[in-house]
Amino acid sequence: MLAERFDRATPPVAPTAPGLSVDEQGRGTFAVAAPRAHSVDLCIRQGGTEHRQRLRHFDGGLRWDRVTGMTPGTQYGLRVDGPWDPSAGLFCNPRKLLLDPHARGVSHASPLMSSFFPYEVDSMLDRVGDHHVRSEVDSGPTAVWSEVVSDQFDWQDDLRPMVDWDSTVIYEMHVKGFTKLHPDLPAEQRGTYAGLAHPAVTGYLRELGVTTIELLPIHAAMDEPHLTRLGLTNYWGYSTLSFLAPNPALATAASQRSGAQAVLDEVKTMVRSLHAAGFEVILDVVYNHTAEGGADGPALSLRGLDNLEYYWTDHGSFLDVTGTGGTLDPRSVHVMDLIVSSLRYWVDEVHVDGFRFDLAATLGRDDRGFRADHPLLRAIATDPVLRKVKLIAEPWDVGTGGWRTGGFPAPFAEWNDAFRNDIRSFWLADRAHRDRTGDAALGGVRDLATRLAGSSDLMTSRDPAHLPPGRSLRSPWASINYVTAHDGFTLRDLTVYEGKRNEANGEDNRDGTDDNRSWNHGHEGEWPIDPAAGTDPKREELEAARRRTARAVLATLLLASGTPMLTAGDEVARTQRGNNNAYCQDNAISWMDWRFDRRALEQRETVRRLLQLRGEHPQLRCPHFLRPADAEALDAGQVAWFGADGRGLSHEDWMDPSRHLLVMLRPAIPGREGSEHLLIVFSAEAEPAELTLPSHPWPVGRTRLLFDSALESQDDLPDAPVRSGSVHVQPGSVVVVGVAPE
């Protein structure tokens, strides 16, 4: 039987890369990087029988041999014999069946089991004894196996949307959470890749006006031991088992039964359908750690192959800059190869349009700390395939010097946590402080203006000194502007809770950040509803105030310079009941509730209108950092700032912490028919204000209201021109005024 799979007659030619490389008949080579292993066996599963064959050749750290019969559907794994010395970071155990790191399919989704650990554990997955004793339990019968898949797929002339960065609006979602409760989906498609491809879903997204779907991790994953002990799961998926294989748990039951090929084809069908509907697809990828965790984690793949090669250790101790117990070592050529190979595969074969890199600062670390010119970052940025897609860094980790916002090289864009913090402070935290203390002197408008203008303080701070004045290697779109994300409060919860409510996570509410910068509007939590009491005026007043703040936050996000990112459900006031770390809540806490009331639908229409404004007015999407406005030659690349009196701001005004109203001018495109100057008012004042429109030489002409966040519905916006030279601004609101140039 083994002779059928290994051709010994043909002289071997060493492969140059790890993984399985075969023709349509399943003939070729298999290689795996395991430099310190004494031996590696390739194990083929046929029915209930496991057949093993020693990989006879060793070259450049690769164990390899020729193979035959490795056709789609074949399940295989690896067993490694080698040094066992946990104190030195060596965990080889041939009793454990390991995944091929380059496998493109896995046999099934599995809970974490005691048989997966290379050392002895008890029923609670805790280590037995004071030292790691090598386990003699064979994991083969329970293991997740690698499975051969074919790259053949009918893409039907798939046309990738290729949305320009300055037109991009990102919508972050979870495959299961977004579709699990959707009433218009067939029951078998809810919570799956297929469900996300359904016209009911793509139609909703298209009507909303977003351009780019960012999916939380869809790589095959495995739960962490502490979650298994608690009876919870890693719902978000930031616990990767395989970097090239999709997660079977997010596929339909029929695809899971059919095997890895059907799961992969379902993912490709999802991407094809989203493309056909006009959307880009970005994957959130986790290359900073794996499901194997730290020293007390399981041996699922890399740890059992060669722990010291794949993980960053120091004299046997795991370096942890990810908060998970362990860190993949980006200094290793084999780790770099695995990451780049994974990225290229998802672009070439699955047609994804970009990546968001979780804890990306880790990928740029070496012995000296973070380096923007790290070989791995350079390899990604200069790769002929990868440089054509969107690359987004989460620019921090939890290690020393881990906050690197603005520090990544072009063409990376970056999540801008300063935008999140400053916008939350202006609309929520500062107002909560003033509400409690009566102190009006807090915050001011300086930081707000910086974020509205594209965060050039961050995005250009590391440009070379020899660049001409006003020139930068980066653009405002490099700032991914967001106020909420999967991690933290939803927008609704930012207006309802000032304290997190994470008790369901099983850690006594210790997990999750305490720096929420939220405002409960004077009442913590949801106001209880008494159906028998009828309408409650106090509750109605509270809810109206919370909705108004949410609309102001959304307007600030979507009218700012940079690339906006919305979190799924914020447009319809989705709540997580105060949980700001719902990574382990695979239930109604995290799932999108599609039962929208009138107010939710009005908020969705507000978002749709804001995105229309953004699309209709190119100056809101300027591809260059803004210049101070020139009254003699206004153009769309400029910005000017005013107070409520229509006068420009002085140095003292910018430094005044009691100033809570800011007016931003974004000039029209000269000579373009229909182009309008925009005056945008951001008022976090507690009282109404009268805005005096700036006078000549600033824009004059026919003036009209384009948007007012104080209104529940923009259908109530007055259609008449503004003739008085002033605009009424309600407390805590954003107003957009259009001025047609004369």
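In what order do the six strands of the open sheet stand, and what is the pairing? I looked this up in a predicted model. The order is 25-26-27-28-32-30, and the pairing is mixed.

I checked the edges next. They are taken by strand 25 (627-628) and strand 30 (701-708). Each has a single partner strand, so one side of each is left without a neighbour in the sheet. For strand 30 I looked up the pairing with strand 32 (residues 733-741): the two run antiparallel and are joined by seven bridges. Within this pairing I noted that Arg702 stands opposite Ala740 in strand 32.

I counted elements and found 17 helices and 32 strands in the protein chain. Along the principal axes, the C-alpha atoms fill a box of roughly 90 × 65 × 50 Å. I recorded 59% of the 742 residues as buried. Of the contacts with a separation of 6 or more, 72% are between residues 24 or more positions apart.

I noted an accessible surface of about 28800 Å² for the protein chain, with 49% of it belonging to carbon and sulfur atoms. I then listed the charged side chains: 76 are positive and 104 negative. The centres of the two sets lie 2 Å apart.

I checked strand 14 (residues 240-246) for cover, and seven of its seven residues are buried. Strand 13 (residues 219-221) runs antiparallel to strand 14, with three bridges between them. His219 has Pro246 in strand 14 as its bridge partner.

Is Gly191 buried or exposed? Its relative accessibility is 5%; the cut-off for buried is under 20%, so Gly191 counts as buried. Gly191 sits in the loop between helix 2 (175-179) and helix 3 (193-196). With neighbours within four places in sequence left aside, I found Gly191 in contact with Val175, Lys176, Thr179, Lys180 and Leu250. I also took the C-alpha separation from Gly191 to Thr556, which is 32 Å for two residues 365 apart along the chain.

Most residues other than glycine have a negative phi, and most peptide bonds are trans. I looked for departures from this. Ala410 and Pro411 are joined by a cis peptide bond, with omega about 10°. Pro411 is in the loop between strand 21 (390-393) and strand 22 (413-416). Gln156, not a glycine, has a positive phi of about 50°, and is placed in the loop between strand 10 (146-147) and strand 11 (170-173). Arg517 also has a positive phi, near 50°. I located Arg517 in the loop between helix 14 (491-494) and helix 15 (537-559). With a relative accessible area of 27%, Arg517 is partly exposed.

How values were computed:
Residues numbered from 1 in each chain as written. Predicted model: local features only at pLDDT ≥ 70, side-chain atom pairs only at ≥ 80, totals over all residues. Heavy atoms only, no water. Helix = DSSP H or I, 4+ residues; strand = E, 2+ residues; numbered from the N terminus. Buried < 20%, exposed > 50% of the residue type's maximum accessible area, 1.4 Å probe, protein only. Contact = heavy atoms within 4.5 Å. Areas by Shrake-Rupley, 256 points an atom, 1.4 Å probe, with all protein chains shown as cover. Lys, Arg positive; Asp, Glu negative; His and termini not counted. Charge placed at Lys NZ, Arg CZ, Asp CG, Glu CD. Pairing = 2+ DSSP bridges.
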